[in-house]
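Please keep the sequence and the structure in view while reading.

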Amino acid sequence: MKLNKKIDIEISNKPVPFDLAIDKMKKHLSLMKSGKKRELLWFLEHESIFTAGTSAKDDDEKIINRSLIRYTGRGGQWTWHGKGQRVVYILLNLNDRERDIKKFIKNLELWIISTLTSFSIKGSIIKDNPGVWVKKKEKYFKIASIGIRISKWITWHGISINLDPDLNFFKQIIPCGNKNGDVTSIVKEGANVNLKKLDDELIKNFYKFF
């Protein structure tokens, strides 16, 4: 999956509206297909929004403000995005790497776990449940989610990592099919980390796996 190739990195310092982000990704994706744009890692935050992936079930949400719901074409189920959560949209051309979706997802998980290790947080993987978890007293708490869409072997959408968001928003959904609804964050796990520090580690560790 590794490729010695220049990747563009963009960091948005202000929250980006979800709909605007989708439009921007679509345009970048189209230009990548025609060879006019390079691969991209886009680091951002969203204002509060609930998104449903292709496996989302209506019974898994009790969202109060219905205007905050977006149905997307990414994989996965229900999740929430908002301030204090780092979202990374990942536009990579698997035609130039490996056309192996399972390996791509696994590498995303390992990338996140490697980054959490930098903050003395031990991340775990649960079989058949994409994302990264933290085990505490025999229970697993989700700290990062993965929701990917692939178009002609070019990836888009991406990952979200809970840095220090208001975790109460997750009570309105069953996040990513996690029936217990247990979620956590980097700060809740005792690490003194800001967005810049998280971004720096993610960028550094990215090249270990991609």
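Which element gives the most to the lining of the second largest cavity? Strand β9 does, with 4 residues. The model is a predicted one, in which local features need pLDDT of at least 70 and side-chain atom pairs count only at pLDDT 80 or more, while totals for chains, interfaces and linings use all residues. Residues are numbered from 1 along each chain as its sequence is written, and side-chain values use heavy atoms, with hydrogens and water left out.

A cavity here is a set of points, on a 1 Å grid over the protein atoms alone, where a 1.4 Å probe fits but cannot get out; lining residues have an atom within 4 Å of a point. Grid points are joined across faces, edges and corners, and a volume is the space filled by probe spheres set on the points. Helices (H or I, at least four residues) and strands (E, at least two) are DSSP runs, numbered from the N terminus.

The second largest cavity holds about 60 Å³ of space. Its lining includes Lys142, Ile143, Ala144 and Ser145, together with Ser160, Asn162 and Phe170. Two or more lining residues come from each of β9 and β10. By class the lining has 6 nonpolar, 5 polar and 1 charged residues, where Ala, Val, Leu, Ile, Met, Phe, Trp, Tyr, Cys and Pro count as nonpolar, Asp, Glu, Lys and Arg as charged, and the others, Gly among them, as polar.

The whole structure has 2 cavities of 30 Å³ or more. The largest cavity contains about 150 Å³, and of its 19 lining residues the closest to the centre are Arg74, Thr79, His81, Gly147 and Gly158. Strands β5 (78–81), β6 (85–91), β9 (139–151) and β10 (154–162) each give two or more residues to this lining. The largest share, 4 residues, comes from β10. The lining of the largest cavity divides into 7 nonpolar, 11 polar and 1 charged residues. Thr79 also lines the second largest cavity.

Next comes the largest pocket. A pocket is an open set of points with protein on both sides within 12 Å along at least five of seven lines. The largest pocket has a volume of about 230 Å³. At least two lining residues come from each of α2 (101–117), β7 (124–126) and β8 (129–136), and α2 gives the most, with 4 residues. Among the lining residues are Lys102, Ile105, Lys106 and Glu109, as well as Asp128 and Asn129. The pocket lining has 4 nonpolar, 1 polar and 5 charged residues.

The open sheet has 3 strands in the order β4-β3-β5, with mixed pairing; two strands pair if DSSP finds at least two bridges between them. Strands β4 (69–71) and β5 are the edges, each pairing on one side only. Strand β3 (residues 49–52) pairs with β4 in the parallel sense over 3 bridges, and phenylalanine 50 stands opposite isoleucine 69 in β4.

Isoleucine 49 also belongs to strand β3. Why does isoleucine 49 count as buried? Its relative accessibility is 6%, and buried means under 20% relative accessible area (1.4 Å probe, protein chains only). Leaving out residues up to four places away in sequence, isoleucine 49 touches Phe18, Leu68, Arg70, Thr79, Trp80 and His81, contact meaning heavy atoms within 4.5 Å. The C-alpha atoms of isoleucine 49 and phenylalanine 169 are separated by 9.5 Å, and the two residues are 120 residues apart along the chain.

How values were computed: Buried < 20%, exposed > 50% of the residue type's maximum accessible area, 1.4 Å probe, protein only.
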